[in-house]
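Let us take a structure and read a few of its features in turn, moving from the whole fold to a single residue.

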Amino acid sequence: KKKCVMLLNGKTGNMVDTAYLTAALAESCQYVTQAGLATVLKAALVSATCGSQRAMFIYDAFEEILETALSKQAESLLVQLTENADKTILLSCYVDGDREKLLTALQELVMGSLAAMNKLGARLEVKDLDDAISLTISI
């Protein structure tokens, strides 16, 4: 539902209110939590708006990440949506569970469908951290 609102909002001036983006991500987090994946979203965007193509890429990529985490039976997911001083938006996802399966799946996701969707030159990075696998999108 929130994605539709975000799409409609973006039709005017090709800009999306970042509150709509945050709400859409929060709604998706709520659904995957109900499906059994403990998910927490922390959002700290400074700008009131962002380009609609950026917002849609972030949202669609996030949906792909959620599907991958669910399919690999991840145990938990921490999501941070932040913004740098240069207005770069960072979507950082920290996934816990079977780290080997998650690392492989997220690397394949970055090289596959996310790379194909990435028409805006977003930077995609997967890391194996001490306590989780991270996937960060910088756009």
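The dialogue below goes through the fold, the overall form and one residue.

Q: What kind of model is this, and how are its residues numbered?
A: It is a predicted model, in which local features need pLDDT of at least 70, side-chain atom pairs count only at pLDDT 80 or more, and totals for chains, interfaces and linings use all residues. Residues are numbered from 1 along each chain as its sequence is written, and side-chain values use heavy atoms, with hydrogens and water left out.

Q: How many helices and strands does the protein have?
A: Helices (H or I, at least four residues) and strands (E, at least two) are DSSP runs, numbered from the N terminus. Here there are five helices and seven strands, and along the sequence they follow the pattern α-β-α-β-β-α-β-β-α-α-β-β.

Q: Is Ser47 buried or exposed?
A: Buried means under 20% relative accessible area, exposed over 50%, and partly exposed in between (1.4 Å probe, protein chains only). Ser47, which is found in the loop between strand S2 (38–44) and strand S3 (49–51), counts as buried because its relative accessibility is 14%.

Q: Which residues is Ser47 in contact with, leaving aside its neighbours within four places in sequence?
A: With contact meaning heavy atoms within 4.5 Å, Ser47 is in contact with Thr18, Glu83 and Lys87.
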